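Reader: Can you walk me through this model? I'd like the plain version, with the cut-offs spelled out.

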Amino acid sequence: EQAFQESVDGYLESCIELNKKPDQPFKGTFNVRISPDLHRKAVLASSNSLNKFVSDAIQEKLMRLGA
């Protein structure tokens with residue numbers, strides 16, 4: 001536990017020295033505000049679940065962008 005804490009402290013110190021923001025973990029959830037009509041169309045178009053539909057759409061867009 002102490003070694004882990006020292007590692008984290010070292011990482012944070014390095015970030016300060018390099019003037020870099022530390023990486024933040026992502027939870028994997030976020031809210032999206034869209035029009036009610038777009039919401040309805042997305043639900044109707046999703047064959048599995050709206051979450052999967054949105055996840056697939058984001059993945060497809062990222063692949064097109066080469067990300």
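Author: Helices (H or I, at least four residues) and strands (E, at least two) are DSSP runs, numbered from the N terminus. This is a predicted model, in which local features need pLDDT of at least 70, side-chain atom pairs count only at pLDDT 80 or more, and totals for chains, interfaces and linings use all residues. Residues are numbered from 1 along each chain as its sequence is written, and side-chain values use heavy atoms, with hydrogens and water left out.

Reader: OK. How many helices and strands are in the chain?

Author: Three helices and zero strands. In sequence order the pattern reads α-α-α. The radius of gyration (taken over C-alpha atoms) is 19 Å, well over the 11 Å that the globule rule (2.2 Å times the number of residues to the power 0.38) gives for 67 residues, so the chain is more spread out than a compact globule.

Reader: What does the C-alpha trace span along its principal axes?

Author: About 50 × 30 × 20 Å.

Reader: And what share of the residues counts as buried?

Author: Of the 67 residues, 4% do. Buried means under 20% relative accessible area, exposed over 50%, and partly exposed in between (1.4 Å probe, protein chains only).

Reader: Start with helix 1. How far does it reach from its first C-alpha to its last?

Author: Helix 1 covers residues 2-17, 16 residues in all, and reaches 22 Å, close to the 22 Å expected at 1.5 Å a residue. The expected span is 1.5 Å times one less than the number of residues.

Reader: What follows helix 1?

Author: N19 follows helix 1, with a positive phi near 55°. That is a positive value in a residue other than glycine. N19 sits in the loop between helix 1 and helix 2, and is exposed, because its relative accessible area is 75%.

Reader: Which residue just after helix 3 takes a positive phi?

Author: G66, at about 75°.

Reader: Switching to charges. How many salt bridges are there?

Author: Five, where a salt bridge is a side-chain nitrogen of Lys or Arg within 4 Å of a carboxyl oxygen of Asp or Glu. One of them joins E60 and R64, at 2.4 Å from N to O.

Reader: How far apart are E60 and R64 in helix 3?

Author: Four residues, so about one helical turn separates E60 and R64. E60 is partly exposed at 43% relative accessibility, whereas R64 is exposed at 60%.

Reader: What does K52 form a salt bridge with?

Author: With D56, the closest N and O atoms being 3.0 Å apart. K52 and D56 are four residues apart in helix 3, which means about one helical turn between them. K52 is partly exposed at 40%, and D56 is partly exposed at 38%.

Reader: Which residues are linked in a network of salt bridges?

Author: D37, R40 and K41. The side chains of R40 and D37 meet at 3.1 Å, N to O. R40 and D37 both lie in helix 2, three residues apart, or about one turn. R40 is partly exposed at 46% relative accessibility, and D37 is partly exposed at 37%.

Reader: Pockets next. How much space lies in the largest one?

Author: About 470 Å³. On a 1 Å grid over the protein atoms alone, a pocket is an open set of points where a 1.4 Å probe fits, with protein on both sides within 12 Å along at least five of seven lines; lining residues have an atom within 4 Å of a point. Grid points are joined across faces, edges and corners, and the volume is the space filled by probe spheres set on the points.

Reader: Which residues are closest to its centre?

Author: F30, V32, L50, N51 and V54, of the 17 residues that line the largest pocket. Helix 2 and helix 3 are the elements that give two or more residues to the lining, and helix 3 has the largest share, six residues.

Reader: What is the lining like by class?

Author: Ten nonpolar, six polar and one charged. Ala, Val, Leu, Ile, Met, Phe, Trp, Tyr, Cys and Pro count as nonpolar, Asp, Glu, Lys and Arg as charged, and the others, Gly among them, as polar.

Reader: Last one. Where is S49?

Author: In the loop between helix 2 (36-45) and helix 3 (50-65). S49 is partly exposed, with a relative accessible area of 30%.
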